[in-house]
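Biologist: I would like a close look at a single part of this protein, followed by one connected account of how that part sits within the whole. Please take your time over it.

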Amino acid sequence: RVVKEFVKRAALSTTVVFKIITFDEKDKKAFILDNAEVGSFLQNMKDYKFTKSEKIDILNFKPDTTSAFFDLDSTWNIIYKRTYIYPTLKNNGFLIFNFIHDIIPVLFPEIVHDTTKANFIPFLQSVYDNSDLVLFNSFSSQKDFIDAKSKFNTTRDISTRVTGLGSDFLHT
């Protein structure tokens with residue numbers, strides 16, 4: 001729901017250029033989606049097939065201008081681990097942005113699936129090591145993230161912002 005709303009607003013933005021990237025785990029390929037098609041996709045996510053997309057090699061993609069790679073969702077279980085992709089993207093000139101809803105696998109590991117626990121900790125370490133901006137949907141999640149830095153031996157300053165659900169993220 002949150003990602004869907006963000007993607008809808010991003011695709012329609014006239015003030016910031018967004019290139020929406022999807023990753024096909026089966027074929028291990030990344031694609032830049034056509035923003036004009038995103039609205040149609042969001043109306044029929046189950047059956048929609050994109051007709052316009054550009055295949056990219058995400059690990060060798062270099063932006064022409066200041067650009068950010070913005071992770072919006074639970075990416076810790078996908079094949080491209082952030083411990084590898086974030087430093088690679090930073091070396092290619094990207095800023096790294098994240099949207100984190102909570103850090104439950106750190107705070108309450110006893111209620112989280114073992115696979116999530118195993119993947120979330122390195123993901124979060126990579127956020128602490130590489131992210132330039134982290135957005136949160138609540139002050140509580142932001143505080144948990146800041147408080148957990150010491151568990152990850154991180155002293156690096158990371159910009160954080162709370163952007164409540166339904167707010168205009170471009171003005172946060």
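Biologist: In which loop does Thr-15 lie?

Modeller: In this predicted model, Thr-15 lies in the loop that runs between helix 1 (2-12) and strand 1. Its relative accessibility is 64%, so Thr-15 counts as exposed, the cut-off for that word being over 50%. A residue from another part of the chain gives a sense of distance: Ser-140 is 125 residues from Thr-15 in sequence, and the two C-alpha atoms are 30 Å apart in space.

Strand 1 (residues 21-24) and strand 2 (residues 29-33) run antiparallel and are joined by 4 bridges, with Thr-22 standing opposite Phe-31 of strand 2. Between the two strands of this hairpin there are 4 residues, and Lys-28 takes a positive phi near 55° there. As a general rule, most residues other than glycine have a negative phi. Asn-153 also has a positive phi, near 50°, although it is a residue other than glycine. That residue lies in the loop between helix 6 (139-148) and strand 7 (159-162), and with a relative accessible area of 74% Asn-153 is exposed. Ser-150 is found in the loop between helix 6 and strand 7 as well, and it counts as exposed at 54% relative accessibility.

Leaving aside residues up to four places away in sequence, Ser-126 touches Arg-82, Thr-83, Tyr-86 and Ser-131.

Strand 6 (residues 133-136) also holds buried residues: Leu-133 and Leu-135 point one way from the strand, Val-134 and Phe-136 point the other way, and all are buried. In a regular strand the side chains alternate between the two faces of the sheet. Strand 6 has pairing partners in strand 5 and in strand 7. With strand 5 (residues 94-100), it pairs in the parallel sense over 4 bridges, and Phe-99 has Leu-135 of strand 6 as its bridge partner. With strand 7, the pairing is again in the parallel sense over 4 bridges, and here Val-134 has Thr-160 of strand 7 as its bridge partner.

To place these parts within the whole, the protein chain has 6 helices and 7 strands, and from the N terminus on its elements follow the order α-β-β-α-β-β-α-β-α-α-β-α-β. The radius of gyration is 16 Å, which agrees with the value near 16 Å that a compact globule of 172 residues would have, and along the principal axes the C-alpha atoms fill a box of roughly 45 × 35 × 30 Å. Of the 172 residues, 37% are buried. Among contacts between residues at least 6 apart in sequence, 66% join residues at least 24 apart. The chain exposes about 10300 Å², of which carbon and sulfur atoms supply 52%, and the mean positions of its 22 positive and 21 negative charges are 1 Å apart.

Definitions and conventions:
Residues are numbered from 1 along each chain as its sequence is written. This is a predicted model: local features need pLDDT of at least 70, side-chain atom pairs count only at pLDDT 80 or more; totals for chains, interfaces and linings use all residues. Side-chain values use heavy atoms; hydrogens and water are left out. The radius of gyration is taken over C-alpha atoms; the globule rule is 2.2 Å times the number of residues to the power 0.38. Buried means under 20% relative accessible area, exposed over 50%, partly exposed in between (1.4 Å probe, protein chains only). Contact means heavy atoms within 4.5 Å. Accessible areas come from the Shrake-Rupley method with a 1.4 Å probe; for residues, only the protein chains shown count as cover. Lys and Arg count as positive and Asp and Glu as negative; His and the chain ends are not counted. The place of a charge is taken as NZ of Lys, CZ of Arg, CG of Asp or CD of Glu. Two strands pair if DSSP finds at least two bridges between them.
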